[in-house]
Amino acid sequence: MNFGKWLVIIFCWVATNALAQGNKNQIRIAFGSCNDQARPQEMWKEILNQHPHVWIWGGDNIYSDFKNPAGRKTLYEKQKSNEDYQQLIKTCVITGTWDDHDYGVNDGGKNYSLKEESQQLAMDFIWFAKNNPVRKHVGIYNSMEYGDGTKKVKIINLDTRSFRDTLDRVNYIDSATQKKLNRYLPNPQGDMLGETQWKWLKQELNEGNASVVILNSSIQVLPQEHRFEKWENFPSARKRLLNLINQSNKFVIIISGDRHIAEFSKTTLSNGQALYEFTSSGMTHTWTEPWAERNTLRLGDLIIQKNYGMIIVDWQNNKPIVTMQSCGLNHQVFNEISVSR
């Protein structure tokens, strides 16, 4: 582990002293995405009541499409000045990544001309230390570890924007509703991460002794059927990602956002291990009307309400049990699953 990562761990302990109070066998991680700074910020009080040790930004942390860097900085300052979010900063560790609306262009990829300026603003907002390795390379991919001894969680935040190849979109008439819609055409050999990030990711997955690895992808990895942005639009890259997870033989849980829904998905890797994805999206807004969406890998219900995610890693019996909860306003828990390895 390099010096910068050691500093992150030290900061985690100093900022929260989380393992010295409450349940010493638990790490509580909250995450969320799609948070429009211009809409009511109702979720922060709910999240504060959960007493998380770590908050993970899943992307679309603000909405700033086509804004110049000065305008985007103003929007970040508006979000960061929220009183409840300020309280969260004081009580837990902040990490995460971005998605398209804070990157700067809807469904944007590697050809966005202002991505370097956007990256500097995003790194400052997420509060990466000046000596954090993320500030030394192109792209916002980063990692951190939280915990003590063998009771440790590693968080790997991917950048699915800075290096993503282009996609073509076509219009069609939906046979069920007769509405005019659009969908992306697959880019069979297209890439999502870029070779430098792929090399980094392989190293991050294989190093360290964390019992649980949380892999944060702003867009969905496992679901394949819907018409929106997803890893399946780049099938070669998706296969490569799943192979890396399989080869690492680590207890990996994917988290994602982007979709303004919440759902759990599950697949089985070729090594026989189950791989789960927890999508939590729509902190401030969600679909204006519900519709059925096919996902053959879904566990439980599709949630179309404003939500955030809770991940509770518990070592009560020295083997981590991970409980995942889709949460909403007024202490609602929409869906919950517990998994172990």
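## Strand pairing and the open sheet

Two strands count as paired if DSSP finds at least two bridges between them. Strands themselves are DSSP runs of E, at least two residues long, and helices are runs of H or I, at least four residues long; both are numbered from the N terminus. In this predicted model, local features need pLDDT of at least 70, side-chain atom pairs count only at pLDDT 80 or more, and totals for chains, interfaces and linings use all residues. Residues are numbered from 1 along each chain as its sequence is written, and side-chain values use heavy atoms, with hydrogens and water left out.

Strands β1 (residues 26-32) and β2 (residues 54-57) run parallel and are joined by four bridges. G32 has W57 of β2 as its bridge partner. Both strands belong to an open sheet of six, ordered β3-β2-β1-β13-β14-β15, with mixed pairing.

D99 lies in the loop between β3 and α5. Its relative accessible area is 1%, so D99 is buried (under 20%; exposed is over 50%, partly exposed in between; 1.4 Å probe, protein chains only).

Beyond its neighbours within four places in sequence, D99 is in contact with G59, D60, T160, R161, S218, I219 and D258 (heavy atoms within 4.5 Å). D99 and I62 are 37 residues apart in sequence; their C-alpha atoms are 9.4 Å apart.

## The largest pocket

A pocket is an open set of points on a 1 Å grid over the protein atoms alone, with protein on both sides within 12 Å along at least five of seven lines; a 1.4 Å probe fits at the points, and lining residues have an atom within 4 Å of a point. Volume is the space filled by probe spheres set on the points.

The largest pocket holds about 510 Å³. It is lined by 20 residues; N106, F228, D258, R259 and H260 lie nearest its centre. α5 (100-103) and β7 (180-185) each supply at least two lining residues. β7 gives the most, with three. By class, the lining has five nonpolar, six polar and nine charged residues (Ala, Val, Leu, Ile, Met, Phe, Trp, Tyr, Cys and Pro are nonpolar; Asp, Glu, Lys and Arg are charged; the others, Gly among them, are polar).

## The second largest pocket

The second largest pocket holds about 390 Å³. Its lining has 15 residues, with D174, L181, R227, W291 and A292 nearest the centre. Six are nonpolar, two polar and seven charged.
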